[in-house]
Amino acid sequence: MKYTIKLLLLFTAALLLSCGGKEEKKDDSIKIGGAKKEVKKEASNSGSAIDEAPASVRITLDNKGVGEVKDLPLDPAINQEMVARGAELFKTNCTACHKVDKRFIGPSPKGIMERRSPEWIMNMILDPQLMVEEDRCAKDLLVEFNGAAMANQNMTFDQARDILEYFRTL
Amino acid sequence: MIKSKYYLGAIAALALFFVGCQQGANNSGKGALASSAAEKVYVAPGEQDEFYAFLSGGYSGNLTVYGLPSGRMFKEIPVFSQFPTSGYGYSEETKPMLNTSHGFIPWDDAHHPDISQTNGELDGRWIFINGNNTPRIARISLKTFETEEIIEIPNSAGNHSSSFITENTEYVVAGTRFSVPVPQRDMPINEYKSNFKGALSFISVEPEHGHMDIKFQLLMPGFNYDLSHPGRGKSHGWFFFTTYNTEEANSLMEVNSSQNDKDFIAAVNWKKIEEYVNNGGGTKMPTNYAHNLYDESTHTGTTTMKKEVLTVDPLDVPGAVFFLPTPKSPHGCDVDPTGQYIIGNGKLSADLTVHSFDKMIAAIDGKKYDGEAYGIPILKFEDVLAGTVKSGGLGPLHTEFDGKGNAYTTFFISSEVVKWKIGTWEVIDRKPTYYSVGHLMIPGGNSRKPFGKYVVAMNKITKDRYLPTGPEMEHSAQIYDISGDKMELIYDFPTHGEPHYAAGCPAELLAPKSQKIYRLDENKHPYAVTNPADARVERKGNEVHIYMSTIRSHFTPDNIEGIKVGDKVYFHITNHEQDFDVPHGFSMIGQNTSELLIMPGQTKTSIWEPKQVGVWPFYCTDFCSALHQEMQGYVRVSPASSNIKLSWSLGED
């Protein structure tokens, strides 16, 4: 059964490759990485040019992602009330896959503020499916994390904002 | 509804093809193959139906949800039967829903669904359905489409003239088809006559949550109370029940219950009895019955055994109960949208008897009685008769209304639906059914406001309608377009179990409020883990409680050691998804029960009693993500004498 899935992934990757146009020589291990070549279909937010660094360490601060959050300036002071609420929400809704101290099913949120824009984080929490479909970094993360799609936890804007505030403290 | 002209073209081409193959066949009879019929039932991929239809599952014990006009089945809602698909009746939370005074009963015979009403119009809050065999009434939420409450009916048997509701859902009514000794006792069967009673139960429905409570039971003479419907509009406050076996036979009923030329429709002024009861009337009788209530915040059902019921002798409330003579063992008892006409479908007759509510009131006011039965006044047939529908059919069973002045009656023996005009009683149209039709349903067709676009005929016999599947087949249903003067058969579809009656309503009444998830922050289940860090395993003697959480695509924890042969292991599983349509399943090898299917935000519990030493896997049964196949775990089971420490983990934790 496992093989079926893997074969399917491979097949999908092959399909994507064949549609992707400008193919690039790429070595063995992660064939799924072929999905990266799908640059043409990306929305205009893809930020910097093709970056060889794995998505989890790639810095895409100028990319706001795709979704309802277009512009989110942050107050320089961290709001501790929001942090408290956000920490609680994170515990209930996110820790099944994200651990602060390590890479787990998904990446650790530690240091995320140095890699991603606030808008990108918000959009990823609020509509992960759309992000995976249309944002290159989100798509690469999906591939890097073994195809484990991030779950939509039906957070409200305010709840996602609280979680973001909590991330600022990590 | 048709989006693509190509489709029509294809249908037409197909029709031509068929026609071409049937040389010499008479094409004019192939109305249902005409593209116009196809167009009427075609709901294009991705589009949705105009109506919900809830069909009773009969001996499946459940309720099925269909779309009209497509005839597509969307869901089977478990009600009175265990349902391994979701774990209903198997999970610890839902087992109590099937408790009765006779113990746990995994099945019943579900009959007559009825949607709650406000001012005589469908309001889409709940749907009620009766269990016929071990008398019970269930209430199903039309937000979650789950059974929320089941109440057992004492002093009753063959709970058939049920579960019909009054026009503001003040009461859901349950009448007994089989009269029995009340209270039950050891006595000779042949002393039935004048000793057995027929209980008509009026169950109040609390307006906010719908909670049911037996307000009173009217202990009627020992006839068979077959079907019922509420008065509405001007007759609101009354309830009408058909009876048969007024002979009070107790054997060879087929013959002995069909001797009288006329039986009765019992007219019950429940408002009058309610007033009597509210003023302290009635007699409290010791009894024993189960009341099972499911709490949405704890996701758990509980059973309360009730020990008392309030009974009312009809003779103690003068002016509350009357008998309307009605020919030939009437079956269906239907009231038109205005509340003026009460239709008795005399199943051994060719004709329908229509009583007039106004004439009934006048006869009561004039005290024009034609004798009495056990002290209950019998009104004179001619005084209450509004008219007779001379149909020419045989075996009328049930009538529904289109809200445009027409009525539609099923005829079982002659297999047809007959359309007739209220007031003139003339037959306007008749169409064959396939075969031996029982109930029929027009959405809202037994309310003040029917939606008279389609009628669904539910048949008892299928025979050649579909590809044969051995001796046992699903029953067939037919959909007729009734928007014109003449009915038009537009579709056939198979139904599940044996649908006795159905209830339908416009899709927009329910679809927008249909619940998508259970909110994790509202989960009050005592064994819920709302935070994966709280996932744990606890031992209490030989009981082991596993507090487990799931999300795509893993269980927390997924490795458990320290379980021993002879333990009773409780898996309490909370689904941490908060997204629509992402249930997770759970199943454990060798478990003597069904799987669990856990909705987002929900907690369910399953028991496993390991009998063999080993390392035993469990897994998710619902394909949840690309990594679903990886969603599994192991439990190590050691000998009973082992002292392996209880431990659990996920990954390196």
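**Entry 1: domains of chain B.** I looked up where domain 1 of chain B meets domain 2 of chain B, and found five residues of domain 1 in contact with nine residues of domain 2. I note that the model is predicted. On the domain 1 side of this contact, I counted three nonpolar residues, one polar and one charged. I then took the bounds from the domain assignment of chain B: domain 1 covers 5-41, domain 2 covers 51-184 + 191-248 + 264-269 + 284-513, and domain 3 covers 520-649. Over C-alpha atoms, I find the centres of domain 1 and domain 2 of chain B to be 38 Å apart.

**Entry 2: chain A against chain B.** I next examined the contact between the chains, to which chain A gives 18 residues and chain B gives 21 residues. Helix H1 (2-20) and helix H2 (80-93) of chain A are the elements that each supply two or more residues to the chain A side. I recorded H2(A) as the element that gives the most to this side, with three residues. By class, I list nine nonpolar, seven polar and two charged residues on the side of chain A that touches chain B.

**Entry 3: helix H7 of chain A.** I asked how many residues of helix H7 (residues 157-167) of chain A are buried. I found eight of its 11 residues buried, and I describe the helix as mostly covered. The buried residues are Ala160(A), Arg161(A), Asp162(A), Ile163(A), Leu164(A), Glu165(A), Tyr166(A) and Phe167(A). I traced their packing to H2, helix H3 (112-115) and helix H4 (118-126) of chain A.

Note on methods. Residues are numbered from 1 along each chain as its sequence is written. Chains are lettered from A and ligands numbered from 1 in the order in which they are written. This is a predicted model: local features need pLDDT of at least 70, side-chain atom pairs count only at pLDDT 80 or more; totals for chains, interfaces and linings use all residues. Two residues are in contact if their C-beta atoms, placed from the backbone, lie within 7 Å. Helices (H or I, at least four residues) and strands (E, at least two) are DSSP runs, numbered from the N terminus. Ala, Val, Leu, Ile, Met, Phe, Trp, Tyr, Cys and Pro count as nonpolar, Asp, Glu, Lys and Arg as charged, and the others, Gly among them, as polar. A residue is buried if 20 or more other C-beta atoms lie within 10 Å of its own, exposed if 12 or fewer, and partly exposed in between; C-beta atoms are placed from the backbone. Domain bounds come from an automatic or database domain assignment.
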